[in-house]
Amino acid sequence: MENCIFCKIIKGEIPCYKIYEDDLVLAFLDVSPMSIGHVLIIPKEHRENIFDVKEKHLERMIDVAKKIAQKMKDNMGAEGINLYHASGACAEQTVFHFHLHIVPREKDDNICFSGVAPQRKDISKEEFDAIVSKLKIG
Ligand SMILES: [Zn+2]
């Protein structure tokens, strides 16, 4: 994709603080981090979101996320981690090249992903059953 900032990073047209790279994925520091050590992992093929990303990329991204999370804990004192992803503008996706955020967290760091905690919904047993039938796999 010509105007995709992440594709430009993959091609080396825009520099990045590289954490990891292999045949399928690239991990680098977010230059506008939510916390110190905030990393982005992307597939090295342009994919927009969860609906078109390939499983092989997703699997590798999760493997790499676990290893980087361990580094954050061991070497940067992270007490916790958020794995964060957005697919679709309504879900607050802003760069339309699939990416996974790894955000190191510590107690009382005052990071709030949405700004406002979502209102929890009150759902009946019948509604839960109907939702299960729509989302059940296999
Ligand atoms: Zn791209």
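This is a predicted model: local features need pLDDT of at least 70, side-chain atom pairs count only at pLDDT 80 or more; totals for chains, interfaces and linings use all residues.
Two residues are in contact if their C-beta atoms, placed from the backbone, lie within 7 Å.

Residues are numbered from 1 along each chain as its sequence is written.

The overall picture. The protein chain has three helices and five strands; helices (H or I, at least four residues) and strands (E, at least two) are DSSP runs, numbered from the N terminus. The order along the sequence is α-β-β-β-α-β-β-α. Of the contacts with a separation of 6 or more, 55% join residues 24 or more positions apart.

Which residues of α2 are buried? Met61, Val64 and Met72. Buried means 20 or more other C-beta atoms within 10 Å of a residue's own; exposed means 12 or fewer; partly exposed lies in between; C-beta atoms are placed from the backbone. What covers the buried residues includes β1 (18–21), β2 (25–29), β3 (39–43), β4 (80–84) and β5 (100–105).

The face turned away from that buried side carries exposed residues, including Glu55, Lys66 and Asp74. Why is Asp74 exposed? Because Asp74 has 9 C-beta neighbours inside 10 Å.

Last, the end of the helix. Just after α2, Gly77 takes a positive phi of about 75 degrees.
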